[in-house]
Amino acid sequence: MSYHSNADLGGQTVRGAIVPEPEGELFHAPWEPRVMALVVAMGPTGLSNIDMNRAARETLPNYRDLGYYEIWLAALEKLLLQKGVLSDAPPAPKEVLRADLAAAAIRKSSNYSRSPAAPARYALKDRVRTVAAHPDHHTRLPAYARGKVGVVERVHGVHVFPDTNSQGLGESPQWLYTVAFDEKELWGAQEPKQHSTISVDAFEPYLEPA
Amino acid sequence: MSEHEHDSHSGHSHGDHSHADRPPRPASALETRVRALEVLLTEKGYIDPAALDVLIDAYQTKIGPRNGARVVARAWCDTEFRRRLLTDATAAIASMGFTGRQGEHMVAVENTPQVHNLVVCTLCSCYPWAVLGLPPTWYKSAPYRARAVKDPRGVLREFGVELPDTTHIRIWDSTAEVRYLVLPQRPSGTGHLNESELAKLVTRDSMIGTGLVGSATGLAGGATGLAGGAP
């Protein structure tokens with residue numbers, strides 16, 4: 001069965017206006033803040049990680065028909081079932097977020113950087129080509145930036161690798177780079193010209209020398 | 001489930017402009033479903049429902065774009081802070097007390113007359129919560145995520161921002177755990193304002209790159225690009 005993300009939207013033709021929204025307008029139904037908080041509060045239980053959550057969301061078959069917090073809700077329900085929360089032997093939470101500690105907990109960072117096990121393969125200004133093939137699992141290289149040549153603009157250190165972390169296969173930390181592309185490389189000769197450069201943050205396995 | 005969450009998409013369920021083609025869902029059904037889930041997770045010992053109230057209050061009253069606005073205003077007033085922000089944003093922002101989820105690995109990118117920065121997450125809706133709070137609906141919506149990378153000038157026009165061709169647009173697609181904060185240009189004619197007065201001018205959209213500081217004042221500057229909009 002091949003993996004398909006319904007969330008990879010960059011460069012696609014999508015109908016509809018972009019509707020500006022005032023700063024204070026955070027929720028649009030009373031259940032929305034509860035979903036936001038449920039998802040955040042489930043973090044410390046360790047039942048899933050951020051990459052598993054993203055994978056659960058982007059593979060919802062009706063992703064494109066759902067609102068933001070509906071996606072969160074549906075993915076949370078899906079993961080809870082997968083993890084056996086409703087079974088006779090539900091997994092024990094690693095930790096439960098208590099009300100008295102909640103305010104401090106969200107000020108704490110989940111650091112995704114790790115110590116390098118090997119030197120970085122690429123350096124600033126290196127030309128790199130992104131891999132073209134789509135792997136059969138969650139990944140963070142958008143379709144529009146596959147098989148394209150760009151330039152390394154920043155080196156961010158070594159970070160948790162979503163491709164393995166999302167599958168429960170461990171963090172497998174990898175060097176992370178900002179790779180910048182000229183608009184023509186991504187979209188061909190567009191008229192009118194946008195006069196733009198687009199970058200993605202790409203893990204080392206997404207790149208080859210160009 | 002863990003961490004800062006950002007997947008999303010075209011908005012909410014109550015039939016707004018972006019899904020006029022879809023029938024609104026009855027809120028009561030969702031309300032019941034969420035309530036049932038909350039009760040279940042409480043009974044199974046995974047959550048403390050009182051903690052949910054604390055989280056909601058924090059994102060409604062404490063963690064929002066006013067934090068980012070203070071960072072920007074300080075960078076405008078304090079050259080040394082600005083330098084630190086542009087070289088190690090995570091540390092500079094943490095020094096103001098704005099730490100935590102979705103702010104773990106920060107990068108600040110500076111607008112100049114030559115370069116305008118725009119931030120998007122085409123794969124979900126990654127957003128710097130620690131400085132900007134929860135993302136607006138449009139940021140999570142399919143139209144913004146689809147177009148920002150390919151038609152940034154069209155997107156900016158939808159926000160009433162028109163940039164000259166001589167201004168290069170630099171788009172940052174947040175595809176990993178690095179979060180981007182745009183340092184907008186300080187409007188001219190604000191030399192007499194102090195840091196907290198300046199912070200009031202800084203809009204959320206200007207820190208994402210879909211707005212310019214000063215452009216919301218209704219002056220002609222709103223449509224004339226980076227040089228405009230000075231109050």
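Which residue of β3(B) is the bridge partner of H116(B)? In this predicted model, the bridge partner of H116(B) in β3(B) is I169(B). This pairing belongs to a set of six bridges that join strand β2 of chain B, residues 115–120, to β3(B), and these two strands run parallel. On chain A, strand β5, residues 196–203, is also joined to β3(B), through five bridges and again in parallel. Within that pairing, T197(A) has R170(B) as its bridge partner, and V200(A) stands opposite D173(B). Five of the six residues of β3(B) are buried, so the strand is largely enclosed by the rest of the structure.

The contact between the chains draws on 79 residues from chain B and 83 residues from chain A. On the side of chain B that touches chain A, at least two residues each come from α1 (27–43), α2 (49–61), α7 (137–140), α8 (142–147), α9 (152–158) and β3 (168–173). The element that gives the most to this side is α2(B), with nine residues. By residue class, the side of chain B that touches chain A consists of 35 nonpolar, 22 polar and 22 charged residues.

The largest nonpolar core contains 119 residues, among which L38(A), A41(A) and L55(B) touch the most other members. The surroundings of A41(A) involve both chains. When neighbours within four places in sequence are left aside, A41(A) is in contact with L97(A) on chain A and with I47(B), A51(B), L52(B) and L55(B) on chain B.

Chain A comprises six helices and six strands. Along the sequence, these elements follow the pattern α-α-α-α-β-β-β-α-β-α-β-β. Taken along the principal axes, the C-alpha atoms of chain A fill a box of roughly 55 × 45 × 40 Å. Of the 210 residues in chain A, 44% are buried. Among contacts in chain A with a separation of 6 or more, 67% are accounted for by residues 24 or more positions apart.

The domain assignment divides chain A into domain 1, residues 1–110, and domain 2, residues 113–209. The centres of the two domains, taken over C-alpha atoms, are separated by 25 Å. Contact between them involves ten residues of domain 1 and ten residues of domain 2. On the domain 1 side of this contact, three residues are nonpolar, four are polar and three are charged.

Helix α3 of chain A spans residues 68–82. At 1.5 Å a residue, its 15 residues should span 21 Å, and the end C-alpha atoms are 21 Å apart, which agrees. The buried residues of α3(A) are Y68(A), Y69(A), E70(A), I71(A), W72(A), L73(A), A75(A), L76(A), L79(A) and L80(A). An α-helix has 3.6 residues a turn, so residues three or four places apart point the same way. Just after α3(A), G84(A) adopts a positive phi of about 80°.

A further helix of chain A, α6, covers residues 183–187 and includes E183(A). With 20 other C-beta atoms within 10 Å, E183(A) is buried, because 20 is the number at which a residue counts as buried. Beyond residues up to four places away in sequence, E183(A) touches Q190(A), Q194(A), S196(A), T197(A) and I198(A). One of these contacts, T197(A), is the bridge partner of R170(B) in β3(B). By comparison, E183(A) and Y112(A) lie 71 residues apart in sequence and 30 Å apart in space, C-alpha to C-alpha.

The secondary structure of chain B comes to eleven helices and four strands. Buried residues make up 59% of the 231 residues in chain B. Of the contacts in chain B with a separation of 6 or more, residues 24 or more positions apart account for 68%. The domain assignment of chain B gives domain 1, residues 24–60, and domain 2, residues 64–223. The C-alpha centres of these two domains lie 32 Å apart.

Note on methods. Residues numbered from 1 in each chain as written. Chains lettered and ligands numbered in written order. Predicted model: local features only at pLDDT ≥ 70, side-chain atom pairs only at ≥ 80, totals over all residues. Core = buried A, V, L, I, M, F, W, Y, C linked by C-beta atoms within 7 Å. Buried ≥ 20, exposed ≤ 12 C-beta atoms within 10 Å, placed from the backbone. Contact = placed C-beta atoms within 7 Å. Domains from an automatic or database assignment. Nonpolar A, V, L, I, M, F, W, Y, C, P; charged D, E, K, R; others polar. Pairing = 2+ DSSP bridges. Expected span 1.5 Å × (residues − 1).
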